[in-house]
Amino acid sequence: MSGLCGFYSEPPHHPEGAYVHDGAETLRAMGARLAAFDGSAVQRVQSGASGLALAAGTDGFFQRDGLLVAICGTPLFDGSGDHVAARVAAAWAEQGSLLCQSLSGAFALAVIDNRAGQVFLAVDRCGSLPLSYLTIPQGLLFGSSAAAVQAHPQASHALDPQALYHYMHFHVIPAPHTAFARQRRLLPGEYLLYRHGTVARGYYWRLQFNEQQRPPFAELKRSFRTTLEQSVRAATDHAAGKVGAFLSGGTDSSTLAGILGMVRDERPRSYSIGFDVPGYDEMAYARIAARHFGTDHHEHYVTADEVVEAIPRIAAAADQPFGNASMVAAYYCARMAHADGIKLLIGGDGGDELFGGNERYARQALLARYQCLPSALRQVLIEPLLFGAAGGLALAPLRKARSYITQAMVDMPARLDTYNLLQRYDPTKVLTADFLDSVELALPQSLLHDCYWNAQASSQINRMQALDMRYTLADNDLPKVRRACELAGVEVAFPFLSDAMLGFSAQLAPEAKLNGRRLRYFFKQVLRDHLPPEILRKPKHGFGLPFGYWLQKHTGLRELAYDSLSELKARRLVRADFIDTLCGKLVDEHPAYHGTMVWVLMMLEQWLHQQDALSVRAASA
């Protein structure tokens with residue numbers, strides 16, 4: 001869909017030693033990677049030894065006197081979507097890197113200033129459009145797709161062991177890492193300035209919480225409803241065709257489906273995915289929302305056969321290993337919408353993070369209460385009693401109390417890792433010794449620690465929001481939905497992540513997001529007259545894939561998964577004995593839990609297999 005790429009080459013100081021390549025052919029090859037899966041039109045422009053390519057439109061291009069600008073997505077400059085690239089070029093001349101203060105919306109931006117020998121890159125506040133870069137001796141390579149960067153003849157194709165370890169920990173590779181050595185990715189709200197071989201990175205925007213304001217509820221309600229309607233309208237105004245909404249039956253997707261009908265003055269179209277497996281199907285809630293808002297509703301039940309079909313396609317389209325299984329559901333939902341003529345889907349991603357909807361917020365708030373008790377009470381009475389005198393008793397209430405205190409004694413955000421799948425298995429029992437020797441095992445926890453404590457907030461709920469904005473949204477959910485929609489041939493927008501909604505959330509009091517253990521307190525109060533009561537009361541679910549169940553029931557899926565894990569053994573990343581135990585024992589004991597690791601390892605091997613195939617084709621070209 002929407003994307004950009006390019007390269008900047010330094011003027012050679014010694015012509016006889018300069019690196020020579022066919023710039024036009026290189027740019028063509030890089031640009032082709034942007035449109036490899038949806039056939040988008042790609043426009044290219046060059047100036048000297050530098051070039052830019054832009055997929056999905058030409059209105060994001062500007063070229064004059066050695067200055068090249070490309071911007072993709074749905075950017076606004078000072079609130080306007082007209083001639084954004086030209087306005088960015090003018091702002092660059094006057095403001096330099098400060099120009100991002102005038103940009104909003106979803107965007108990735110590249111400015112090549114050949115006159116000044118500079119390159120400027122930036123992504124939007126949520127990092128909803130990725131941008132990777134790689135420095136080379138002669139200059140800088142960059143692209144919305146890591147594959148586009150890799151198409152340059154000077155790009156390194158070596159994989160980064162640390163990034164692969166991050167994948168095992170997070171099930172994605174979080175920025176700034178990418179799967180490839182030395183290639184990096186911009187963080188949300190971050191820019192890069194390259195000048196004569198030197199790279200400087202900085203933030204033009206960071207989420208800042210105002211936890212002291214307590215405006216009247218009526219004022220907040222009016223502001224929220226107005227902001228929400230304006231965000232949905234802005235997200236859909238640019239659509240060149242029919243618009244629809246993902247509808248899971250949760251509070252976020254249901255809210256947007258209803259608002260869509262209001263702002264577009266037409267019957268909204270909604271699209272839902274179901275699974276014919278007990279405990280995994282939420283179609284009943286989606287139907288409640290569809291009836292309540294009178295949507296033109298469409299449903300599809302995903303089968304195990306369709307999962308088998310989708311897995312290689314998803315792996316081939318991914319820039320790096322990606323282990324979120326719900327991408328399959330998003331893909332088939334988007335494909336259903338595309339078959340119905342939809343050009344743009346809106347998704348509810350961001351609502352949980354901005355308004356306190358994740359179950360772990362309430363769970364961590366409960367655990368945090370223990371550390372509020374006087375230390376003397378904890379260390380002199382409670383802990384010696386439960387772990388000493390009563391430590392040998394196996395009574396259920398005592399087991400629960402010991403489990404609660406064991407977790408509560410761990411500081412945030414390390415406490416979140418007590419749920420981490422890799423850590424529960426123990427990395428030394430999962431990964432080979434040689435691989436472990438090549439990575440820093442503590443780095444994932446260090447990344448979480450820095451993000452959590454560098455958040456400009458004092459409350460736990462807002463620090464967790466800042467953590468989730470980066471690791472749950474920018475690195476996981478947004479790439480999942482965007483890539484699924486790209487494969488299906490539709491665009492996607494996220495109204496909850498508009499700049500205005502980000503600003504509104506940052507001004508909410510912490511207790512408006514989590515009141516005691518009540519999630520989404522303000523959100524649900526404000527929308528009581530909008531959402532049906534069943535949706536307001538329903539537990540959190542989502543498009544979870546019943547992979548563990550199908551792994552036992554469906555021969556084709558089991559063969560694909562276990563064959564992939566067998567091939568993974570030869571790479572000497574994952575211990576062969578762990579794979580044997582996982583497939584031969586653990587999955588049978590708890591299919592849903594251990595099936596997650598099977599999926600993560602399967603998708604790693606599927607992605608690595610695709611990289612092997614690309615290397616073979618490149619070598620024979």
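# A walk through the predicted model

Arg 182 is partly exposed, with a relative accessible area of 46%. Select Arg 182 to begin. The model on screen is a predicted one. Arg 182 sits in the loop between α4 and β10. Look at its backbone: phi is near 75 degrees, a positive value in a residue other than glycine.

**Stay in this loop: Pro 176**

Now select Pro 176. Pro 176 also belongs to the loop between α4 (161–170) and β10 (184–185). The peptide bond joining Ala 175 and Pro 176 is cis. Its omega is about 10 degrees.

Jump to Pro 413. The loop here runs between α13 (396–408) and α14 (421–425). Show Met 412 as well. A cis peptide bond links Met 412 to Pro 413, with omega about 0 degrees.

**Another positive phi: Asp 65**

Go to the loop between β4 (61–64) and β5 (67–77), where Asp 65 lies. Asp 65 is not a glycine, yet its phi is positive, about 50 degrees. Is Asp 65 buried or exposed? Its relative accessibility is 60%, so Asp 65 counts as exposed. Now draw a distance from Asp 65 to Gln 230. Their C-alpha atoms are separated by 38 Å. Along the chain, the two residues are 165 residues apart.

**Into a strand: Ser 104**

Select strand β6 (residues 103–113) and pick out Ser 104 within the strand. Ser 104 has 15% relative accessibility and therefore counts as buried. Which residues is Ser 104 in contact with, leaving aside neighbours within four places in sequence? Show Thr 74, Pro 75, Leu 76, Arg 125 and Asp 499; these are the contacts.

**A crossing of helices: α8 and α9**

Colour helix α8 (residues 304–317) and helix α9 (residues 327–339). Their axes come within 10 Å and cross at roughly 100 degrees. Angles of 65 to 115 degrees count as roughly perpendicular, so α8 and α9 are roughly perpendicular to each other. Show the side chains where they meet. From α8, take Glu 306, Val 307, Glu 309, Ala 310, Arg 313 and Ile 314. From α9, take Met 327, Val 328, Tyr 331, Tyr 332 and Arg 335. This contact of α8 with α9 has 7 nonpolar residues, 4 charged ones and no polar ones.

Next comes the largest nonpolar core, which holds 147 residues. Select Phe 224, Leu 582, Trp 599 and Leu 601. These four touch the most other members of the core. Then highlight helix α18 (residues 460–488), which gives the most to this core, with 13 residues.

Return to Leu 601 and show what surrounds it. Not counting residues up to four places away in sequence, Leu 601 touches Met 168, Leu 565, Leu 568, Val 574, Phe 578, Ile 579 and Leu 582.

How many disulfides does the structure hold? The count is 0. Cys 372 has 67% relative accessibility, so Cys 372 counts as exposed. Cys 485 is in no disulfide. Its nearest cysteine sulfur is that of Cys 333, 8.4 Å away. At 1% relative accessibility, Cys 485 counts as buried.

**A lysine in a loop: Lys 538**

Move to the loop between α22 (533–537) and α23 (547–553) and select Lys 538. Is Lys 538 buried or exposed? Lys 538 is buried, with a relative accessible area of 11%. Bring up Gly 249, Gly 250, Glu 282 and Tyr 285. Leaving aside neighbours within four places in sequence, these are the residues in contact with Lys 538. Then draw a distance to His 300. Lys 538 and His 300 are 21 Å apart in space, C-alpha to C-alpha. In sequence they are 238 residues apart.

**Last stop: Asp 563**

Finish on helix α24 (residues 555–569), where Asp 563 is found. Asp 563 has a relative accessible area of 48% and is partly exposed.

Terms used:
Residues numbered from 1 in each chain as written. Predicted model: local features only at pLDDT ≥ 70, side-chain atom pairs only at ≥ 80, totals over all residues. Heavy atoms only, no water. Axes fitted to C-alpha atoms, helices over the stretch in contact; angles between N-to-C directions. Helix = DSSP H or I, 4+ residues; strand = E, 2+ residues; numbered from the N terminus. Parallel < 35°, antiparallel > 145°, perpendicular 65-115°, else oblique. Contact = heavy atoms within 4.5 Å. Nonpolar A, V, L, I, M, F, W, Y, C, P; charged D, E, K, R; others polar. Core = buried A, V, L, I, M, F, W, Y, C linked by side-chain atoms within 4.5 Å. Buried < 20%, exposed > 50% of the residue type's maximum accessible area, 1.4 Å probe, protein only. Disulfide = S-S within 2.5 Å.
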